[in-house]
Amino acid sequence: MTVSYALSVSSARYSAFLRLLRKWKGSVVKAVWAELLVWICLYAMISTIIFWVIPIEALNKEATRLDNLLGILDIKFMLGFFVTIVVDRWKTILQNISFIETVALSVSTIIRGTDDNARLSRRSIIRYLVLSQAMVYRDISMRVRRRFPTMKSLMEAGFIFENELHELEQTETGYNKYWVPINWCNSIVWRMQDQKYIEAPVSTNNVLNNIRDFRTQLENLCKFDWVPIPIAYPQIVFLAVRIHFFFTLFTRQYIPTETEEFLWYRCIPLIPATSFFLYLGWMKVAEALLNPFGEDDDDFEGNWVIDKNIKTGMQIVDQSHAECPILNIDQFSD
Amino acid sequence: MTVSYALSVSSARYSAFLRLLRKWKGSVVKAVWAELLVWICLYAMISTIIFWVIPIEALNKEATRLDNLLGILDIKFMLGFFVTIVVDRWKTILQNISFIETVALSVSTIIRGTDDNARLSRRSIIRYLVLSQAMVYRDISMRVRRRFPTMKSLMEAGFIFENELHELEQTETGYNKYWVPINWCNSIVWRMQDQKYIEAPVSTNNVLNNIRDFRTQLENLCKFDWVPIPIAYPQIVFLAVRIHFFFTLFTRQYIPTETEEFLWYRCIPLIPATSFFLYLGWMKVAEALLNPFGEDDDDFEGNWVIDKNIKTGMQIVDQSHAECPILNIDQFSD
Amino acid sequence: MTVSYALSVSSARYSAFLRLLRKWKGSVVKAVWAELLVWICLYAMISTIIFWVIPIEALNKEATRLDNLLGILDIKFMLGFFVTIVVDRWKTILQNISFIETVALSVSTIIRGTDDNARLSRRSIIRYLVLSQAMVYRDISMRVRRRFPTMKSLMEAGFIFENELHELEQTETGYNKYWVPINWCNSIVWRMQDQKYIEAPVSTNNVLNNIRDFRTQLENLCKFDWVPIPIAYPQIVFLAVRIHFFFTLFTRQYIPTETEEFLWYRCIPLIPATSFFLYLGWMKVAEALLNPFGEDDDDFEGNWVIDKNIKTGMQIVDQSHAECPILNIDQFSD
Amino acid sequence: MTVSYALSVSSARYSAFLRLLRKWKGSVVKAVWAELLVWICLYAMISTIIFWVIPIEALNKEATRLDNLLGILDIKFMLGFFVTIVVDRWKTILQNISFIETVALSVSTIIRGTDDNARLSRRSIIRYLVLSQAMVYRDISMRVRRRFPTMKSLMEAGFIFENELHELEQTETGYNKYWVPINWCNSIVWRMQDQKYIEAPVSTNNVLNNIRDFRTQLENLCKFDWVPIPIAYPQIVFLAVRIHFFFTLFTRQYIPTETEEFLWYRCIPLIPATSFFLYLGWMKVAEALLNPFGEDDDDFEGNWVIDKNIKTGMQIVDQSHAECPILNIDQFSD
Amino acid sequence: MTVSYALSVSSARYSAFLRLLRKWKGSVVKAVWAELLVWICLYAMISTIIFWVIPIEALNKEATRLDNLLGILDIKFMLGFFVTIVVDRWKTILQNISFIETVALSVSTIIRGTDDNARLSRRSIIRYLVLSQAMVYRDISMRVRRRFPTMKSLMEAGFIFENELHELEQTETGYNKYWVPINWCNSIVWRMQDQKYIEAPVSTNNVLNNIRDFRTQLENLCKFDWVPIPIAYPQIVFLAVRIHFFFTLFTRQYIPTETEEFLWYRCIPLIPATSFFLYLGWMKVAEALLNPFGEDDDDFEGNWVIDKNIKTGMQIVDQSHAECPILNIDQFSD
């Protein structure tokens, strides 16, 4: 489930910042604390080793040399450009999450009739659309897959009946079958036109186009799942960040020079740890967004979308079909 | 209400810059001054403590060391990339603020007739559209919520009648019900076609499509409210800026060396305070845009949109319906 | 009027660069020279004061210290990101400048008939469309406003007649009335269909959709005028640049050390002035684009668009209506 | 075939990072290792030469001087901006890979009839669409070209028959002929309407528009192939990276000063090699994406798309035509 | 003509890089070599003058001072952001280059009939569309202008006949007349419907819409030509790069100190020349893309587009009209 915080930032006052920080779910602290702890432990260990084992003189020079060399490993830009690309992709995926209202309202308005045939047809169109969505989401979202591990489980949840599942399995293509329920939808729409529940071909087109748009959004999600950002890009970025901070374990150690006294508080890696925290947090944003249908706190909740769609869709095409209150003369008249 | 300043910058002359600065509402100075004051006070306090308490020699070295380390906390890029993403999102939200004119003109042109039935139907379509918009805006905008804290308050404002509210509450889905008034609209459109107020199915389609586009914009706003930019991203950026300037409280202190005389004017943190001002101001831009329906000076004014839509929509579909002046032969003839 | 230079850069040769520089109108030199002069004068004044008043030793240290501190005021990124956002917005506004050809060709093709009624109706549709455009442009462009300071002036220019203006003023909404002439257009289109000048409802739809697209572009312009880039963003960027170069007035002074001889040519601030010129020029690009309907050399010329639209539109729907040359057998036959 | 890794990154935990690194196919290590090896060998060779041949004093100075100069060759930004542009282009190309489902579902729904004529017509439409796609992909993808080196090979694969190939070859334009099979499709659609397999012209339009959209996506792919990113841009970026690392071969050598002892472990170019690895890896991302229809691990697999389209398309328009299960009363009723 | 290199980079191997470099046409070397030579000559001249004329001591100090000051003239970001904007614009222009296939296929499918009247009408529609395109391209592309310096030359090439040219010249608007041939197209389409060559108004709409889309793309090209990127932006960027490298002529000179011996090989400006080459090359990318219809190697070839469109269009609407091979039972049946 995505983490909402719009109310916390309704103004740009200082308290907004604090309210934002207080959130734990999906927060950067939650994402980073474990690795930060590991890093600090490693830092402490190396610190101890260095202190007891190696002559100070030599150390000092090496650290400076390495730190200079490290300058070239500039991870800011890599991260900045990479996060921008990942956020862009994440936004496009968000836009392709399809809600049922548009197509349901179209079906309900254009396929008229309150007899059982019309009602069942409209309900089945909605069910098939959500079935297709569920089939797609099963393949791209871990959470939906866990809820519906097999097609059988979809049957138990009532999205598909045995005869339909049988027919679906009969369809042999060797490729995905997300289109099969959509095909059933189209057949129902056509039959409705034949049986004069739809007035004109131009109205049929309206329904068909809305069904097509719903399917296209699902197809886009499949495309995004099929072709992720080329693997080498996240690899290189995530590696760069980790290598950088691995080196800082050594280069940012406090090494007292011989001539000056030992200052215990310099052993506290305050600023190195802070920058580790900030950059790793930034990287985690990218890592969490890379697979928006994954299991992070902030990932899209496919199950919720499916449940909302079947419930809302049924309500629209059946109970609320052709419903209209008695019109009153509004007070805006003058 | 957004702050308009187009006239102030109609040319790129120097005076334009001054006119721009004079604006107070929504200005960066208004957003930053409080925190700037706090920062300066803290700076002064620390300055005093340092001066009386700690030996100069030690201080000097620490400050230099910290300042060097701080270099890695480069907040420029984080801010730059983050602001770009936030502005992009803000722009998309702006594009999804829906005005009623398009759909009202379509309704007025296509649903003909000046009898009470036609007029009431057209008026109700507009009312339902704005009702749906008000329901959505209540859930995403603090200001609209304050104006309409309950559905009852919408009834008092005349957007919904008691029987309609009753029917709305009867509709049980467990999810949002923004679609219910749209469903009523569609029903009215269909009835109008049945009663021959609309000439052809193709014209009905035109109205239905415009209603659908209006609803889609509302749905997009809901989507943007439902899935904000992942919380970790603003957290990390806002933290980075604040941590950076917390450290500068210490590293940018004036610490006289023993060998040179004390220069009182070096105690004035002119440039550190300026950079605090500029970066915090930049960050405030992001903070204000993060929730464009919030309560900042520059946020979108949902209430104004709703009032404009109901007023303009009613005017278009009722008083101005089918209105056309007597055509005159224009002077562009030759 | 925008400044065209496409021909000057038709190839990437060196001469192209020179031709580009020769342009004065809209050029960066024209935008920057005044402030550059002021800056140089200030620089000279401060230089003189410093030379005669303050002991060299002290100065030298301060300048170095300030220059180091100044490093953090990095204006490159602010400018870079800001210019990108401003250019993006400017491009979107450009795309929403509407030319009449599309809707005029549609009106001319679909509303048939050469009698006075048909001709007058087609002409009036064009006139009303351009009238709506002129009303919008009056409110967003300084130049169009100066040309048409009142609605009366629109009447004198022939865009609206007295009876129409009367009807327009009767329409009382409290909000903008850009939609009123569009409403008249729609009424005319519908009347044309009733009177059988339009063959089928599907053709009517075609005209209505083109009129809607024309109006939507006007609405988008209004939106962009209503919601500018939040004022804090330009404020912060323009302030940052100016503060930066105010400080350089002091930190980039030539301060001879005591041990070395005075070198007069070091007093010439060659590189500081050059960087002032370049960054201020970059900023001016942003400043000029911020209000594309303003009065800079490079701003869009609304008056020209209005004149072109009324002239071209009338030509298309009247004189050139249904015009088609006698077809000849072309030489591409074989 | 593209490399999928969505499951590996379903959460932002540390293990996700390791799973990501374990991938070999399409990985950055696979892309970089050879050049990395060459670089290390060269480094070692130069190291040896330097050690035995040149006096240390001189070397030391040169290396420092060169390293300072090298600072200006900043490849980070070039790479960052270039990769962003390349990724953007790659994304657009991905969006123009066309799957057959939309058009096949439209054909199947609108062209009714189960007699041989209807079935053959529907099948041929699909075949011609995929044929056109195969002809385009042959010209832009190395892999598809290898599979179908000649038009004959397309005939052998069954995408085109001898008489069709003959007709195709008769069509003489001197330009590409991707449109010829689409023209055949349109002719079939029209014949179907004449023979009353399609109910209304508005339905014909629906099919024609879907065919047009399919063709437009192919045309876009051709456009992208015809006009690549101007060659000078990749040249300059790839050169910059290679020149940079060529120079580091010399400037990053360990040159012991005379006064200090020789430290063997300083000869290991740990950080120079790491940065070589990271930047070259970043560049490889750009290089691999530059031609998304090439032969890299991560490139789009045109052959798979063609096979999927012909198989799925045939299934939809023939076996699954008008198929609809017996509707059951679903459990969502209440 | 654009320079194609997709095959050279079909994989990300090292050889791909070499193949890419071998290209001369449109290459960065071709664009830069002349200015590079000039720069090197100037460098050598200044080097000589410095060596013989000025005392070494003074020089050394000045060079260091200038080099430090130069740091602020950071051209990387200016170039990076500017190139991104220019590439974005160039991509949009590419998308607006219109090919005739879509509209030709629509005309051929919907306007039926094989008699001379139908054939001539279809051919004329194509001719008028390409004529309009040629008129637009003449005004935005140097190469097309050279081919068709006058309207007469269009007549000689067969795109327009004398009577048509006469009619075109009669149309007096004072503005561009690109719409005139489109108006003729529309008239022909309408006449075809009157004469029953088109079956239904909905089909007429299909053709009209495709013609409109073709014209809109031309209008967009005109818009982009009318409103270039504000001239101040390229001016400032191109100036910045050139000023930067003008200064490096002085600051990057080898100036031997008195205490050390003269090293002749330090006079070779290896790295300064390399960076001149790389940055100038990067700038040339922007310069070449700034006017995509210019005369650079990589610019769009308008003449080729016009020739292809007239040839392909005629083929589609005439010779290939209603052509469809005898359908065979394909082997994908099972």
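These are my notebook entries on how the chains of this model meet and how the copies are related.

**Entry 1: the model.** A reminder to myself before I start: this is a predicted model.

**Entry 2: the contact of chains D and E.** I looked up who takes part and found 85 residues from chain D and 89 residues from chain E. Together the two chains bury about 8,400 Å², and 65% of that area is on carbon and sulfur atoms.

Entry 3: Next I went through the contacts between chain D and chain E, and the salt bridges number two. One that I wrote down joins Arg123(D) to Asp330(E), with 2.9 Å from N to O. I checked that against the cut-off, which asks for a Lys or Arg side-chain nitrogen within 4 Å of an Asp or Glu carboxyl oxygen.

**Entry 4: the chain D side.** Which element of chain D gives the most to the side that touches chain E? I found that helix α11 (residues 201-226) does, with twelve residues. Sorting the side of chain D that touches chain E by class, I got 43 nonpolar, 18 polar and 24 charged residues.

Entry 5: I superposed chain D on chain E and got an RMSD of 0.1 Å, with a turn of 72 degrees and a shift of 0.0 Å along the axis. That is how copies about a five-fold axis are related. I then asked which residue of chain D comes closest to the rotation axis.

**Entry 6: the A and B pair.** I repeated the exercise with chain A on chain B, and the rotation is 72 degrees, the shift along its axis 0.0 Å and the RMSD 0.0 Å. In chain A, Val202(A) is the residue that comes closest to the axis, at 5.4 Å for its C-alpha. For this pair, only 3% of the interface residues of chain A are also interface residues in chain B, so here the copies meet through different surfaces.

**Entry 7: aromatic pairs.** Last, I counted rings and found 95 aromatic pairs over all chains. One of them is Tyr279(B) with Trp282(B), a tilted pair at 6.4 Å centre to centre, with 40 degrees between the planes. I traced Tyr279(B) and Trp282(B) to helix α13 (residues 270-290) of chain B, where they sit three residues apart, about one turn of the helix.

Conventions
Residues are numbered from 1 along each chain as its sequence is written. Chains are lettered from A and ligands numbered from 1 in the order in which they are written. This is a predicted model: local features need pLDDT of at least 70, side-chain atom pairs count only at pLDDT 80 or more; totals for chains, interfaces and linings use all residues. Side-chain values use heavy atoms; hydrogens and water are left out. Contact means heavy atoms within 4.5 Å. Buried area is the accessible area (1.4 Å probe) that two parts lose on being put together, summed over both. Helices (H or I, at least four residues) and strands (E, at least two) are DSSP runs, numbered from the N terminus. Ala, Val, Leu, Ile, Met, Phe, Trp, Tyr, Cys and Pro count as nonpolar, Asp, Glu, Lys and Arg as charged, and the others, Gly among them, as polar. Copies are superposed by least squares on the C-alpha atoms of residues with pLDDT of at least 70 in both. Rings of Phe, Tyr and Trp (its six-membered ring) pair if their centres lie within 6.5 Å; planes under 30 degrees apart count as stacked, over 60 as edge-to-face and the rest as tilted.
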